[in-house]
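Me: I've got a protein model open and I'd like to learn how to read it. Can you walk me through it?

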Amino acid sequence: MATIEQPLLQFGPGNENELERYRIALETLYATVEGTCPGDRKIGLSNEYVDEPPEVAKSTFSLEVYNKTEIYVPQVEVLDIAFEHDGDGKMRPRITVGLNEEYNEEEYDDEEEDGWD
């Protein structure tokens with residue numbers, strides 16, 4: 001059984017000041033369990049990986065982080081996810097993010113107006 005602790009967030013080189021404004025959104029997204037936020041039950045990360053072997057849990061968790069970041073904080077992109085292991089079998093992910101150079105705010109706003117969420 002996998003135990004993944006609260007992720008550590010770090011920024012890629014060069015854009016730390018600009019990325020700092022997204023820290024709260026990312027930390028909230030990664031700390032929220034999917035299904036617990038009234039208004040949008042899809043916000044947060046699923047905990048389906050809990051009963052999986054460590055390698056499956058890491059893959060499932062990583063895919064969830066990539067997908068949810070793209071949906072809820074599209075201004076950034078996940079550059080890397082590395083896992084630190086302790087002696088008790090717990091894993092702590094270290095998520096490195098950078099600015100999404102392909103993000104276009106006007107295009108994103110147009111999608112919302114057309115009903116795309």
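Predicted model: local features only at pLDDT ≥ 70, side-chain atom pairs only at ≥ 80, totals over all residues.

Me: What do side chains do along a strand?

Reply: In a regular strand, side chains alternate between the two faces of the sheet. As for burial here, seven of the 10 residues of strand β4 (residues 90-99) are buried, so β4 is largely enclosed by the rest of the structure.

Me: Now the rings. How many aromatic pairs are there?

Reply: To call a pair, you check that the ring centres lie within 6.5 Å, and planes over 60 degrees apart make it edge-to-face. By that rule the count is two aromatic pairs. In one, the ring centres of Y49 and F61 are 5.6 Å apart and the planes meet at 90°, so this pair is edge-to-face. Y49 lies in the loop between α2 (23-31) and α3 (54-72), while F61 is in helix α3, so the pair ties together parts 12 residues apart in sequence.

Me: What about F61 and F83?

Reply: They form an edge-to-face pair too, at 6.0 Å centre to centre with 70° between the planes. F61 is in helix α3 and F83 in strand β3 (residues 76-85), so this pair links parts that are 22 residues apart in sequence. Put together, Y49, F61 and F83 form one aromatic cluster.

Me: Is F83 buried or exposed?

Reply: The cut-off for buried is under 20% relative accessible area. F83 has 17% relative accessibility, so it counts as buried. F61 is buried as well, with a relative accessible area of 2%, and Y49 is buried too.

Me: Last one: where is confidence lowest, and where is it highest?

Reply: Go by pLDDT. It is lowest in helix α4 (residues 105-113), at a mean of 57, and highest in β3, at 94. Across the protein the average is 85, and 88% of the residues score at least 70.

Technical notes:
Residues numbered from 1 in each chain as written. Heavy atoms only, no water. Phe/Tyr/Trp six-rings, centres within 6.5 Å; stacked < 30°, edge-to-face > 60°. Helix = DSSP H or I, 4+ residues; strand = E, 2+ residues; numbered from the N terminus. Buried < 20%, exposed > 50% of the residue type's maximum accessible area, 1.4 Å probe, protein only. pLDDT = per-residue confidence, 0-100.
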